[in-house]
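Me: I would like to go through this structure with you, starting with the aromatic rings and then moving to the metal site. Could you take my questions one at a time?

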Amino acid sequence: MAYEATIGLEVHAQLITKTKAFCSCPNQYGAPPNTLVCPVCLGMPGVLPVLNRDMLDQAMKLALAVGATIHPRCKFDRKNYFYPDLPKGYQISQYDEPFSTGGAVQIEADGYKKSVRIRRIHLEEDAGKSLHQTDGSTIIDMNRCGVPLVEIVSEPDLTTPAEARAYLIEVRHLVRWLRVCDGDMEKGSLRCDANVSVRRKGSSEFGTATEVKNMNSIRGVERALAYEIERQRGILEKGGTVIRQTLLWDESEGVARPMRRKETSEDYRYFPEPDLVEVVVSPQWIQRISREIGELPAARSERFRREYGLAPETAELLTSDRAIADYFEALAKESGNPRHAANWIQGEVLRILKEKNWEMVSFPIAASELATLMKQVDAERLSLSNAKKVLDKMVETGKGSADIIEEEDWVQVSDVSEIEMAVREVLAKFPDRVQKYRAGKANILGFFVGEVMKRTAGRANPKIVSDVLKKLLS
Ligand SMILES: [Zn+2]
């Protein structure tokens, strides 16, 4: 009997804002425990929340980017539950009137494309963090209480762990591109819960879903889903029934363990948050945010192919990060050579970022400086291999390319008589190879070019070297 899985994902993204959702505490990660708190986010009696407008701007960017419908009015609700890291005893969230509904995320997995529908995006505040100690005790850090979140709920359109992975990568790409969330799953600023059910292939009814939590990497989500699908399939094959429950993924053991019976929405006793007024979203507000978003990655990738004649993979790579895309466009314009600009970024710039463990935003060489260096190569005043070394030295020393080229004496030699001298020396040194070349071993030419380059410390213009070699060997 064949089975198929149905997966829906709930992604929580911590929004990048100066302050928390309902108070003026800084929204920061990594501060000493319980230092970024105030009576409001600790839920002291008598305090009143004040909504952070920035939180709405950030959520709106994401909603517009996935093509969602932003509702002209929405409200906040209290979601009640008891947990040690929730001092108020409720979380301010949105229940029946979410910020936006609809929209879709385009994914590509295992070689096919698919549109994954978004059910809703709603706003809420984060809870604190329980830190379980090895001696069995638990300590609590309230810094995260009140940090603004969006929850992005997908329709159950995903059917395999690979699709879930592709979806998460796309959502992460999007939130990073829009700069609404840093997308760091290890830090917990992007989190994912999954609703999974399995049914017989062709059946019109969904199976009973379980919820899997506590996955803190994309790889973890993929593994946990594969595990849970297999577990449910095993139960169904033996004629058993899947119980509706919440499971916690244990990354080190590679198993998902039951945590509790799954709550239903009745368990949370939602009711409208009486301390906040409803949010009214004007068309002008939406227009302003639409302008701020600018071009989205898919559109930009398409334009790079069209405008600069880049290969699809290259355009994709250059739009994987907005800072890289911006740098490419600046470099293409400054150098006047988009294809070379793409090559320099793909080859050298990304290599340096990887070696240094830097993000593109911290790359210290301005596009105009790199363009100056590229022009030296185009004008045949510098060999490509030496130009790459110059870039490394620019990064290391902070000096300009002209100074480095002069200090290292790397100005390319294009003087034919000087090159001819070096070529004659090389040919005189390897008479047997000259004979072989003349006997038809044309690939020996590369060896001669290499020797001349060595003799000239990489400064000879390789094109002239090759021409002179051919002339003297004919
Ligand atoms: Zn606070």
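**Aromatic pairs and the zinc site**

Reply: The structure, which is a predicted model, holds 11 aromatic pairs. One of them joins Tyr268 and Tyr270 in an edge-to-face arrangement, 6.0 Å centre to centre with 65° between the planes.

Me: Is Tyr268 buried or exposed?

Reply: Tyr268 counts as buried because its relative accessibility is 15%, under the 20% cut-off. Tyr270, at 21% relative accessibility, counts as partly exposed.

Me: What about Phe304 and Tyr308, how are their rings arranged?

Reply: Their ring centres are 5.6 Å apart and their planes lie at 70°, so this pair is edge-to-face. An angle over 60 degrees is what that class requires.

Me: Where do Phe304 and Tyr308 sit in the chain?

Reply: Both belong to helix H5, which spans residues 297–308. Being 4 residues apart there, they are separated by about one helical turn. Phe304 is buried, with a relative accessible area of 0%, and Tyr308 counts as buried at 16%.

Me: Which residues do ring pairs link into a cluster?

Reply: The cluster consists of Tyr81, Tyr95, Tyr268 and Tyr270.

Me: Which rings have a charge over them?

Reply: Trp285 is one of them: the charged end of Arg53 sits over its ring, 4.5 Å from the centre. Phe447 is another, with Arg433 over its face at 4.0 Å from the ring centre.

Me: On to the metal. What are the protein donors of the zinc ion?

Reply: They are the SG atoms of Cys23, Cys25, Cys38 and Cys41, lying 2.3 to 2.4 Å from the zinc ion. Along the chain, the donors follow the spacing C-x1-C-x12-C-x2-C. Cys23 and Cys25 are both buried.

Me: What is the geometry of the zinc site?

Reply: The site is tetrahedral, with angles of 101 to 113° among its 4 donor atoms. For reference, the ideal angle for four tetrahedral donors is 109.5 degrees.

Me: A change of topic: where is Met215 found, and what does it touch?

Reply: Met215 is found in strand S13, residues 210–215. Leaving aside residues up to four places away in sequence, Met215 touches Met185, Cys192, Asp193, Ala194, Gly220, Val221, Ala224 and Trp249.

Me: Why does Met215 count as buried?

Reply: Met215 counts as buried because its relative accessibility is 4%.

Me: And how far apart are Met215 and Arg339?

Reply: They are 124 residues apart in sequence and 40 Å apart in space, C-alpha to C-alpha.

Definitions and conventions: Residues are numbered from 1 along each chain as its sequence is written. This is a predicted model: local features need pLDDT of at least 70, side-chain atom pairs count only at pLDDT 80 or more; totals for chains, interfaces and linings use all residues. Side-chain values use heavy atoms; hydrogens and water are left out. Helices (H or I, at least four residues) and strands (E, at least two) are DSSP runs, numbered from the N terminus. Buried means under 20% relative accessible area, exposed over 50%, partly exposed in between (1.4 Å probe, protein chains only). Contact means heavy atoms within 4.5 Å. Donors are N, O and S atoms within 2.8 Å of the metal (3.2 Å for Na, K and Ca); water is not among the atoms, so sites may look incomplete. Four donors count as tetrahedral if all angles lie between 85 and 135 degrees; four count as square planar and six as octahedral if opposite donors are over 155 degrees apart and all others between 65 and 115; anything else is irregular. Rings of Phe, Tyr and Trp (its six-membered ring) pair if their centres lie within 6.5 Å; planes under 30 degrees apart count as stacked, over 60 as edge-to-face and the rest as tilted. A charge sits over a ring if NZ of Lys or CZ of Arg is within 6 Å of the ring centre and within 35 degrees of the ring normal.
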